[in-house]
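Please open the predicted model in the viewer and follow the selections below in order.

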Amino acid sequence: KAGDTERLAKLGDLFFSEGKFELAALCYIPTKDKERLNKAAVKCIELKSYRLAAKAYESADNPQMSDFIRQNFA
């Protein structure tokens, strides 16, 4: 499993560098990498992809931001 999460993180980094932030977030969610998830969530908010942003914040163990997004945008 550790190898899988490393591969997902690398794939997410590739998507992020290509500006495919939603795909990056989907890759990062199973990794539970807080730093990557928070950065991807911000980009998802900019793209108005609020549900995915909330899910990313939730996976980053940031329930306050996740709830805020859900209550105000999603």
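Select H4 and H5 together: the two helices pack at an angle of about 165°, and because angles over 145 degrees count as roughly antiparallel, H4 and H5 are roughly antiparallel to each other. Their axes lie 7 Å apart, and the crossing of H4 past H5 is left-handed. To display the contact, show Tyr50, Ala54, Lys55, Tyr57 and Glu58 on H4, then Met65, Ser66, Ile69 and Arg70 on H5. Coloured by class, this contact of H4 with H5 comprises five nonpolar, three charged and one polar residue.

Next, move to the loop that joins H4 to helix H5 (63-72), and select Asn62 there. Is Asn62 buried or exposed? Its relative accessible area is 19%; Asn62 therefore counts as buried, the limit being under 20%. Beyond its neighbours within four places in sequence, Asn62 is in contact with Asn38 and Tyr57. Tyr57 also belongs to the H4 side of the contact with H5.

Now turn to the largest nonpolar core, a set of 20 residues. Which residues have the most contacts inside it? They are Tyr28 and Leu37. Two or more core residues come from each of helix H1 (2-17), helix H2 (21-28), helix H3 (34-46) and helix H4 (50-59). H4 gives the largest share, six residues.

Finally, centre the view on Leu37. Setting aside residues up to four places away in sequence, Leu37 touches Ala25, Tyr28, Ile29, Lys32, Ala56, Ser59 and Ala60.

Methods. Residues are numbered from 1 along each chain as its sequence is written. This is a predicted model: local features need pLDDT of at least 70, side-chain atom pairs count only at pLDDT 80 or more; totals for chains, interfaces and linings use all residues. Side-chain values use heavy atoms; hydrogens and water are left out. A nonpolar core is a set of buried Ala, Val, Leu, Ile, Met, Phe, Trp, Tyr and Cys residues joined through side-chain atoms within 4.5 Å. Buried means under 20% relative accessible area, exposed over 50%, partly exposed in between (1.4 Å probe, protein chains only). Helices (H or I, at least four residues) and strands (E, at least two) are DSSP runs, numbered from the N terminus. Contact means heavy atoms within 4.5 Å. Axes are lines fitted to C-alpha atoms, for helices over the stretch in contact, and angles run from 0 to 180 degrees between N-to-C directions. Angles under 35 degrees count as roughly parallel, over 145 as roughly antiparallel, 65 to 115 as roughly perpendicular and the rest as oblique. A crossing is left-handed if the near helix is turned anticlockwise from the far one by less than a right angle, and right-handed if clockwise. Ala, Val, Leu, Ile, Met, Phe, Trp, Tyr, Cys and Pro count as nonpolar, Asp, Glu, Lys and Arg as charged, and the others, Gly among them, as polar.
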